[in-house]
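Open the model in your viewer and keep the selection tool ready. We will go stop by stop.

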Amino acid sequence: MAACAASPPAARCAGMRGDPAITVQLLFGRSLRGGGKVGDVAWRDFLAAAVTPRFPDGLTVLDGYGQWRQRATGRVISEPSTVVEIVTEASPDTFQRLDAIRTEYKAQFVQDSVGLVVSEACASF
């Protein structure tokens, strides 16, 4: 793995029939403060208005069940969640668009955070 980390992106992807890319996972909690959850219609509306226009080339949406430790109390919180996975180029513009999505979701649904995981990848479509 150390050799992979030291190689430039194009070299890592050589022979793999892919181009350098990143895989991004956005982790959205669907519970609302005070009870309830972000409903399917509200979620689809958010996806259509805030995510798809920023990444129109494609993405994958996975529904799941997540958990996290509440910092203030140390309590483990479980909730329905949605993971949006996007394969794209690593660029300042990409990260600005991701930050905008996270900020918009937190504001619209009064969330403390939206998880972000970024991994280097080689991709071919």
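Which element gives the largest share of the lining of the largest pocket? It is β3, with 5 residues. Keep in mind that this is a predicted model.

Stop 1: Select residues 60-69, strand β2, and then residues 76-88, strand β3. The two strands run antiparallel, and 10 bridges join them. Now pick Gly64. Opposite Gly64 stands Ser81 in β3. Next, move to the turn. β2 and β3 form a hairpin, with 6 residues between them. Select Gly74 in this turn; its phi is positive, about 80°.

**Stop 2: the largest pocket.** Select Gly29, Trp68, Glu79, Gln111 and Ser113. Of the 23 residues that line the largest pocket, these lie nearest its centre. Colour β1 (19-29), β2 and β3: these are the elements that give two or more residues to this lining. The volume of the largest pocket is about 620 Å³. Colour its lining by class next.

Stop 3: Which residues lie nearest the centre of the second largest pocket? Select Asp57, Gly58, Ile86, Val87 and Thr88 to see them. In total, 13 residues line this pocket. It holds about 240 Å³ of space. Return to β3, which gives the most to this lining too, with 4 residues. By class, the lining of the second largest pocket has 6 nonpolar, 4 charged and 3 polar residues.

How values were computed
Residues are numbered from 1 along each chain as its sequence is written. This is a predicted model: local features need pLDDT of at least 70, side-chain atom pairs count only at pLDDT 80 or more; totals for chains, interfaces and linings use all residues. Side-chain values use heavy atoms; hydrogens and water are left out. Two strands pair if DSSP finds at least two bridges between them. On a 1 Å grid over the protein atoms alone, a cavity is a set of points where a 1.4 Å probe fits but cannot get out, and a pocket is an open set with protein on both sides within 12 Å along at least five of seven lines; lining residues have an atom within 4 Å of a point. Grid points are joined across faces, edges and corners, and a volume is the space filled by probe spheres set on the points. Ala, Val, Leu, Ile, Met, Phe, Trp, Tyr, Cys and Pro count as nonpolar, Asp, Glu, Lys and Arg as charged, and the others, Gly among them, as polar.
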